[in-house]
Number of protein chains: 2
Amino acid sequence: MADPTKSPPLTRSSVIDAHALIKKYIHLTPVLTNAFLNDLASNPQSAEALADTPWAGQKPANPKIRLWFKCENFQKVGAFKARGAFHALTRLMAEEGWEENGGRERGVVTHSSGNHAQALSLAAKTMGLPAHIVMPTISTPSKIVATKGYGANVIFSGSTSVEREAVVAEVVNDTGARLVPPYDHPDIMLGQGTLGIELQQQVGDMIKAQGGKNGKGLDAIITPCGGGGMLSGTALSCEGTGILVFGAEPEFEGADDCKRGLKTGTRIESVKTLTIADGLRTPVGAYPWTVIHDRKLVKAVYSVTEEQIVKALRLVLERVKIVVEPSSVVGLATALFNEEFRGMVGREAGESGWDLGVVVSGGNVSVEALGRLLEAKEEGKEKVGS
Amino acid sequence: MADPTKSPPLTRSSVIDAHALIKKYIHLTPVLTNAFLNDLASNPQSAEALADTPWAGQKPANPKIRLWFKCENFQKVGAFKARGAFHALTRLMAEEGWEENGGRERGVVTHSSGNHAQALSLAAKTMGLPAHIVMPTISTPSKIVATKGYGANVIFSGSTSVEREAVVAEVVNDTGARLVPPYDHPDIMLGQGTLGIELQQQVGDMIKAQGGKNGKGLDAIITPCGGGGMLSGTALSCEGTGILVFGAEPEFEGADDCKRGLKTGTRIESVKTLTIADGLRTPVGAYPWTVIHDRKLVKAVYSVTEEQIVKALRLVLERVKIVVEPSSVVGLATALFNEEFRGMVGREAGESGWDLGVVVSGGNVSVEALGRLLEAKEEGKEKVGS
């Protein structure tokens with residue numbers, strides 16, 4: 001990868017520069033709104049929904065929230081990861097001596113079984129470089145096919161991180177390929193942050209077109225948090241704008257490592273969880289942590305249960321009418337179901353409420369998998385909407 | 001309903017007027033593109049796909065098609081029907097003496113168990129009128145709940161058209177409500193046609209932004225055809241522009257009534273089909289027929305099999321990442337799988353290919369229903385994409 005110490009400074013202005021570099025390669029993804037979900041977010045949860053929670057018997061929060069969905073499920077390769085991959089590659093190729101030292105022939109390498117694998121493969125194919133992707137032998141066949149479909153050279157490894165890194169080291173040794181990590185690098189963070197720049201502009205324009213709010217745009221943005229590349233990039237994109245940035249995580253089996261790390265002030269470096277939000281099983285990386293924690297650019301991180309994720313998933317599918325993977329809906333689940341978040345919005349926003357940008361991170365999931373998730377996880381089979 | 005003889009003339013300019021009337025009530029729905037589906041449409045079908053068809057053993061067509069999806073699944077109430085309902089109501093309310101004669105108190109009535117019921121309910125609620133919706137007792141509970149959710153007065157009837165019309169007559173008699181039919185009325189057709197005006201503008205802008213084609217926009221549009229309100233309205237929206245308009249139908253159990261009627265020159269007035277494209281089970285109405293057949297504003301109508309609909313459905317869900325009902329994908333199924341259509345495009349479009357607008361009509365379907373459809377109908381469980 002490009003030497004991180006030579007990356008642009010982690011500022012809003014660098015995110016804007018990154019956007020200028022990659023915008024011809026990526027989609028300007030649409031922003032959607034939904035009257036039904038605005039209503040749901042702007043009414044108190046039922047006493048029933050709060051039973052068996054620490055908020056049982058208390059008066060539920062009653063914030064006013066207008067939701068603006070940034071639909072990165074429509075991004076190239078079906079996820080925001082295309083942004084970071086194109087930016088990292090563009091920066092790598094601009095490195096002094098890269099071409100002369102055979103960079104074009106050597107190409108790039110990463111280990112990933114998810115969206116980053118496809119994103120890097122597409123970016124490399126677009127630039128005309130080889131991409132070597134190390135994937136565990138146990139990866140789902142459809143993901144292997146999809147990655148190969150972008151022209152990548154797929155190399156198999158065992159599934160532990162030690163095994164995968166050993167294979168990556170071998171590839172680097174054999175081919176001279178440069179490593180492009182999925183999130184823990186300034187160039188990746190700046191690339192992911194470009195969605196924040198677009199979202200600010202789009203919502204500002206949409207609110208203006210509605211004739212509202214004296215030109216004021218978003219009040220806040222909430223994004224999912226796995227490795228923290230997108231959360232930290234979005235936070236950078238908002239620095240100095242007055243827009244608050246929040247993270248959302250699954251809480252299942254300790255997947256809420258960022259929230260817990262912020263509480264103690266120490267980054268949690270290892271997580272072992274099988275949350276259905278499979279894009280969010282990784283702990284926050286060191287570089288993202290400097291933005292999220294050290295520089296305090298993220299106001300707070302909240303977590304949601306698996307059941308809340310499934311409820312939000314059904315609402316997005318049946319009401320917003322978009323296909324999304326479970327990781328995509330933790331932001332919405334927080335806005336609808338997390339009483340701590342909702343209470344905070346009620347206090348901070350007051351009568352006028354908040355315009356909240358909600359990042360929908362990706363849509364790489366099969367219909368069968370969605371069907372199984374909704375069937376298996378919905379307690380008591382309640383129909384949320386139809 | 002408003003007296004059809006007093007409706008505006010069926011011209012492009014009337015569609016533009018309709019758009020000006022309703023645009024504050026409806027969503028300007030986005031237009032999406034998809035590189036994977038463009039590739040699929042622009043490559044010949046496999047010999048395997050053509051086995052057991054009249055094209056078996058022949059050289060498959062090889063047109064060049066760029067697809068532009070007009071996403072009415074994101075429209076209010078989840079379907080294009082909101083356009084016609086708002087237009088019909090706006091026109092009704094502008095009728096001389098309507099207010100004085102108690103029109104506001106009397107409200108409107110229709111019989112529908114589908115998207116028109118919800119569309120009219122929403123339009124009436126928005127305008128502050130009562131809406132009476134006659135639905136068969138056997139309607140799915142979720143549709144009854146949804147229609148009531150828009151504030152409508154739901155009245156039950158038997159499921160034959162004679163039984164339903166008897167109940168409507170009773171409602172008219174009791175309340176003085178005015179009938180707003182689902183498709184067979186000029187005001188409805190002009191309302192649905194507004195999507196064509198938007199689509200032309202949007203694709204023109206998008207092609208211009210890509211710097212392409214010397215400012216030329218769409219070459220053609222294909223829409224689903226049930227009662228023909230949308231197909232005829234879209235045809236009107238294109239009159240004089242040079243943009244060709246095509247219809248698409250399911251062929252199962254004679255659902256291809258418009259195609260068959262065009263062949264003999266006589267409108268088919270009754271159809272009994274259980275095609276999975278349940279929004280397209282009705283025969284073409286008399287008013288739409290005057291545009292589609294008599295004035296020849298629709299170039300041709302094509303039909304697709306249930307299996308082709310399911311294949312296209314999976315592709316839209318997993319590649320375009322939007323939730324759609326089966327009726328929505330007959331246009332795409334035609335573009336991808338109908339050799340007659342594809343051969344025609346190959347001949348007409350030549351090397352430069354066509355920019356084809358594909359209307360995605362609605363997204364009112366549960367995830368469970370989608371899962372069952374894909375499971376039950378996909379022959380041999382082949383995976384189309386993932």
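## A salt bridge between the domains

A salt bridge is counted here where a side-chain nitrogen of Lys or Arg lies within 4 Å of a carboxyl oxygen of Asp or Glu. By that rule A:Glu72 forms a salt bridge with A:Arg83, and the closest N and O atoms of the pair are 2.6 Å apart. The structure in which this pair occurs is a predicted model, and the values reported below are computed from it.

The count between domain 1 of chain A and domain 2 of chain A is one salt bridge. On the side of domain 1 of chain A that touches domain 2 of chain A, the residues fall by class into one nonpolar, two polar and three charged. Across this interface, four residue pairs are found in polar contact, with both residues of each pair at pLDDT 80 or more.

## Two domains of chain A

Chain A is divided into domain 1, which is made up of residues 30-74 + 218-377, and domain 2, which covers residues 80-179. The C-alpha centres of domain 1 of chain A and domain 2 of chain A lie 29 Å apart, and six residues of domain 1 of chain A are in contact with four residues of domain 2 of chain A.

Between them, domain 1 of chain A and domain 2 of chain A bury about 510 Å², with 37% of that area on carbon and sulfur atoms. Within domain 1 of chain A, the residues that lose the most area to domain 2 of chain A are A:Glu72, A:Met230 and A:Asn364, which together account for 69% of what that side buries.

## The sheet of six strands

In chain A, an open sheet of six strands runs in the order 1-2-10-7-8-9, and its pairing is mixed. Strand 1 (31-32) and strand 9 (300-304) of chain A stand at the edges with a single partner strand each, so one side of each has no neighbour in the sheet. Strand 7 (residues 220-224) of chain A pairs with strand 10 (residues 354-360) of chain A in the parallel sense over three bridges, and A:Ile221 has A:Gly357, in strand 10 of chain A, as its bridge partner.

Over all chains the count comes to 32 salt bridges. One of the pairs is that of A:Glu351 and A:Lys64, whose side chains meet at 4.0 Å, N to O. Because A:Glu351 lies in the loop between helix 15 (339-349) and strand 10 of chain A, while A:Lys64 lies in the loop between helix 3 (47-50) and strand 2 (65-71) of chain A, the pair ties together parts that are 287 residues apart in sequence.

## The sheet of four strands

Another open sheet of chain A is formed by four strands in the order 5-4-3-6, and here the pairing is parallel. Its edge strands are strand 5 (153-157) and strand 6 (178-179) of chain A, each of which pairs on one side only. Strand 3 (residues 108-111) of chain A pairs with strand 6 of chain A in the parallel sense over two bridges, and the bridge partner of A:Val109 in strand 6 of chain A is A:Leu179.

## The interface of chain A and chain B

Between the chains, 25 residues of chain A are in contact with 24 residues of chain B. Chain A and chain B bury about 1900 Å² between them, and 60% of this area is on carbon and sulfur atoms. In chain A, the residues that lose the most area to chain B are A:Lys321, A:Val323 and A:Val367, together 33% of what that side buries.

Two salt bridges are counted between chain A and chain B; one of them joins B:Glu368 to A:Arg314, with the closest N and O atoms 2.4 Å apart. Across the interface of chain A and chain B, 12 residue pairs are in polar contact, both residues being at pLDDT 80 or more. Helix 13 (306-320) and helix 16 (367-377) of chain A are the elements that give two or more residues to the side of chain A that touches chain B, and the residues of that side divide into 10 nonpolar, 10 polar and five charged.

Definitions and conventions
Residues are numbered from 1 along each chain as its sequence is written. Chains are lettered from A and ligands numbered from 1 in the order in which they are written. This is a predicted model: local features need pLDDT of at least 70, side-chain atom pairs count only at pLDDT 80 or more; totals for chains, interfaces and linings use all residues. Side-chain values use heavy atoms; hydrogens and water are left out. Domain bounds come from an automatic or database domain assignment. Contact means heavy atoms within 4.5 Å. Buried area is the accessible area (1.4 Å probe) that two parts lose on being put together, summed over both. A polar contact is a pair of N or O atoms within 3.5 Å; within protein, one must be able to donate a hydrogen and the other to accept it, and residues adjacent in sequence count only if both atoms are side-chain atoms. Ala, Val, Leu, Ile, Met, Phe, Trp, Tyr, Cys and Pro count as nonpolar, Asp, Glu, Lys and Arg as charged, and the others, Gly among them, as polar. Two strands pair if DSSP finds at least two bridges between them.
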